[in-house]
Amino acid sequence: MNSKENKAKIVAIANQKGGVGKTLFTRLLAHYLAEVKHRKVLVIDFDSQAHSTIRILPDWAERGGSPRDTSDMISGRRPLAETITKGHEYGGGGRIDLVVSSNLLADEETATAYAAPGKGLALRDVLYEADDVLESYDVVLIDNGPGPMLQRLSIAAADAILVPMEPTEESRLSTEAINADMRRIAKRYNAGPCVIGYVINRYDPTSHRMAHLYELTASDLGKQGFILGPIRRRGAYENWPDGAPMSSVKWPAEVRREINLTLEAICDRIEQSPHQEAKFASSDSKIDELLAGG
Ligand SMILES: Nc1ncnc2c1ncn2[C@@H]1O[C@H](COP(=O)(O)OP(=O)(O)OP(=O)(O)O)[C@@H](O)[C@H]1O
Ligand SMILES: [Mg+2]
């Protein structure tokens, strides 16, 4: 086994609240890492809605992609290497591959809800046992869907966690929930998955209410994490054609400047965050207790 330094950093993009920008940031980060930083990126679409799959690799089936998806990976029916679909290649060795998702992942999510023995560490086991795969990539990005079940698995597996959120009261509440989850998981199962940042998304500087909530969020999180952004609501992000490279999209200069600053800061933090030390062996049942609310 090679040293951990040769292995990909595992980054979970997480927030239990739906629609805050998890998939947008997964996509932005995957493309920035591959196209600008020439990194090898594996995206795991850990959402049965399959939004990352649709956005990043809409033609995966025509590419002769593997018929395997995240449900095969997480159930252990196939080793990770056999579930990867080759995606986009860029200059300088940068690339984006994908473990595509489908509605079948919902069955695995249901099984996780019942905390079948061993399920709790399923994703961590899959990744930790796939040395060959982790050594072939620089970064693994896990795009989570809304809801806590699969997200907890990804937090237990991650070296680093990125939390997109909005300056709204609902988003503040769901961010508190995910912080509580992370603290519990960190205490019991990892040396501590490192939160590398909270990205404030869909910010509107003309809204007084939003400015107030932004201040509140910044002071909440000031004690325990980093604020990144803010990123404004921009039609430009909506107009990024599925499957297209980021460099091909004609974004206004201020959009590109805003997003590049934030993405560069995220990349730095991914690089600086340490690989996690697992506290427990995969045979340990304690995470199952956690998933069951213990
Ligand atoms: N700053 C922004 N400006 C404009 N549109 C945005 C912005 N952020 C996100 N969106 C759009 O809002 C929608 C929801 O974002 P996204 O799918 O990334 O959220 P999500 O957190 O992944 O949602 P889910 O919880 O369902 O997975 C998408 O259509 C996305 O393109
Ligand atoms: Mg999503």
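**View 1. The shell around ligand 1 holds 19 residues**. G18, K22, T23, L24 and P146 come nearest; here a residue is near a molecule or strand if its C-beta atom, placed from the backbone, lies within 6 Å of it. Keep in mind that this is a predicted model, in which local features need pLDDT of at least 70, side-chain atom pairs count only at pLDDT 80 or more, and totals for chains, interfaces and linings use all residues. Residues are numbered from 1 along each chain as its sequence is written, while chains are lettered from A and ligands numbered from 1 in the order in which they are written. Helix α1 gives the largest share of the shell, three residues. (Helices are DSSP runs of H or I with at least four residues, strands are runs of E with at least two, and both are numbered from the N terminus.) By class, the shell splits into five nonpolar, eight polar and six charged residues. Ala, Val, Leu, Ile, Met, Phe, Trp, Tyr, Cys and Pro count as nonpolar, Asp, Glu, Lys and Arg as charged, and the others, Gly among them, as polar.

**View 2. Here is the open sheet of eight strands**. Reading across, the order is β3-β4-β2-β5-β1-β6-β7-β8, with mixed pairing. Two strands pair if DSSP finds at least two bridges between them. The edge strands, β3 and β8 (227–228), each pair on one side only.

**View 3. Zoom in on strand β6 (residues 160–165), which is mostly covered**. Strand β1 (residues 9–13) pairs with β6 in the parallel sense over three bridges, with L162 as the bridge partner of I13. Strand β7 (residues 194–200) also runs parallel to β6, joined by six bridges, and A160 faces C194 there.

**View 4. Helix α1 (residues 22–36) meets helix α11 (residues 253–272)**. Their axes come within 10 Å and cross at roughly 80°. So α1 is roughly perpendicular to α11, a label for angles of 65 to 115 degrees (under 35 is roughly parallel, over 145 roughly antiparallel, the rest oblique). Axes are lines fitted to C-alpha atoms, for helices over the stretch in contact, and angles run from 0 to 180 degrees between N-to-C directions. L28, L29, Y32 and L33 of α1 touch I259, L263, I266 and C267 of α11; contact means C-beta atoms, placed from the backbone, within 7 Å. That makes eight nonpolar residues, with no polar and no charged ones.

**View 5. T83 sits in the loop between α3 (70–75) and β3 (85–89)**. Is T83 buried or exposed? T83 counts as buried because it has 24 C-beta neighbours inside 10 Å. Leaving aside neighbours within four places in sequence, its contacts include S66, R68, D69 and V99. S71 is 12 residues away along the chain, and its C-alpha atom is 9.4 Å from that of T83.

Technical notes: Contact = placed C-beta atoms within 7 Å. Buried ≥ 20, exposed ≤ 12 C-beta atoms within 10 Å, placed from the backbone.
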